[in-house]
Amino acid sequence: LMKDHNVIAAMQIINAALYSAYCSVERLGEIMSIRMLELTLDHGLSAFAANCFAAYGTLLCSGARNVEDGYRYGKLGWELYNRFQEESFIAAVSIGYFGCISSWKDHYSHCLEPLKNAFHVALRCGDIAAAGLSVNIYCWNSYEHQNLHVMDSIASSLAERMEFFGQQTTLAMFAPLWQMLQNFMGLGSHDPWILSGNVMTLEAAIDFAANFNPSTFSWISFCNMIVEFCFGRIDDAEKSYHDCKLKILNNPHSAMDAGGLVFFGCLSLLAQARRGKTGRLVIVRKDIQKLRRYAMHAPDNFQGKLLLLQAEYAAVRGKHLLALSKYRLAIIDFRHAGLLMNEALANELLGKYHLERSSSSSEELAITHLKEALRLYRNWGATAKVDHLKHELQQRHKFLARALL
């Protein structure tokens, strides 16, 4: 055990500043985590070791660079927390292990209850910043499967607490996601592909990021990319992908963040390839390999995303039978993984692919999958997406006006 009081004091100081360091300058946070690990290896275990092992595991897992070792470090951090039972550290360790590491190996749902528990314990212990970050990550890992009205209620509760405690940085990091969800619900601006509304305006969010928290730029671009792709602004979605790609993939974030980024980014590039910009396929082939690597570690979380990208890629290349099999497998995978948003999207893309085939049998199959997509989007709570998809389809294919009622 660590006995040198000077070293223990140093660990305490670094640990206290770790969250702020990650929020302001991520590389500084990484350096501090590694320094804590060095002190632990040189001077012995302490309650602080739980946090430093979890933080170091997060670094190793970043971008799936070394998932196996990162997962072991994270698990060791959690075991050390349980050994020392220092309640005030639960949020920090949970953020590292359950928030950023476990979804590289375990089903995404496994992290949700521990993060929720960490939020409540951290509030009780007075660690308000860590409490906010715990539930923030909970929401980022939930939106693909959780009903949007439930998510909106959770987000509202978080915002009320964080405003009361003056946690502006936490709110700024969370606001893009919450506004994105409200856009899907039809509670955003008039144009749902613009990330502005009741929660934030795009201009104010960019101004805050420039002046106080540059890492927020990544989350603004990430959420921009998703609403832009889902509401048909493909050029903008491609730009947003490139704006945040390196920042998110090269820094310690959740597997669900990295997987979602590559997924929607590649879908945007494939949509461009469908428009004749086939040079985008070079980037797609490279980025699909990233998702393939993610799926090897956590198939429950990423296999469906990989299959849908492979389906779209095969469709662009004119490989009809391969595309159909990949689309159907993706739908099955999303359904069994409980990823409601993605199951809806897969049905939408398969329905649109059938419309491209322009035969009577393809039209019937298109109607079947598009109706299912609309049903799933409704269940998800995405009113604006339902309205947008119906309008888009009825404008392009007059025969669908009655079929999709």
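Hi everyone, let's start with the surface: the chain exposes about 16700 Å², and carbon and sulfur atoms supply 54% of it. Those areas come from the Shrake-Rupley method with a 1.4 Å probe, and for residues only the protein chains shown count as cover.

A quick word on the source. This is a predicted model, where local features need pLDDT of at least 70 and side-chain atom pairs count only at pLDDT 80 or more, while totals for chains, interfaces and linings use all residues. Residues are numbered from 1 along each chain as its sequence is written, and side-chain values use heavy atoms, with hydrogens and water left out.

Now the overall build. The chain has 20 helices and zero strands; these are DSSP runs numbered from the N terminus, H or I of at least four residues for helices and E of at least two for strands. Its radius of gyration is 22 Å, close to the 22 Å that the globule rule gives for 405 residues, so the chain is as compact as a globular protein of that length. That radius is taken over C-alpha atoms, and the rule is 2.2 Å times the number of residues to the power 0.38. Of the 405 residues, 58% count as buried, meaning under 20% relative accessible area, with exposed over 50% and partly exposed in between (1.4 Å probe, protein chains only).

On to the inside. Which residues touch the most other members of the largest nonpolar core? In this core of 125 residues, they are Tyr143, Met180, Phe184, Phe222, Ile226 and Phe264. Helix H13 (residues 255-274) gives the most to this core, with 13 residues. By nonpolar core I mean buried Ala, Val, Leu, Ile, Met, Phe, Trp, Tyr and Cys residues joined through side-chain atoms within 4.5 Å. A second, separate core has 26 residues, including Phe48, Tyr81, Phe89 and Val121.

Next, please find helix H5, residues 90-101. Eleven of its twelve residues are buried, so H5 is largely enclosed by the rest of the structure. Among those buried are Tyr97, Phe98 and Cys100. Their cover includes helices H3 (49-61), H4 (67-84), H6 (112-125), H7 (128-140) and H13.

My last stop is Asn342, in helix H17 (residues 340-357). Is Asn342 buried or exposed? Asn342 counts as buried, because its relative accessibility is 0%. Leaving aside neighbours within four places in sequence, Asn342 is in contact with Glu144, Phe263, Phe264, Lys305 and Phe334, where contact means heavy atoms within 4.5 Å. Thanks, everyone!
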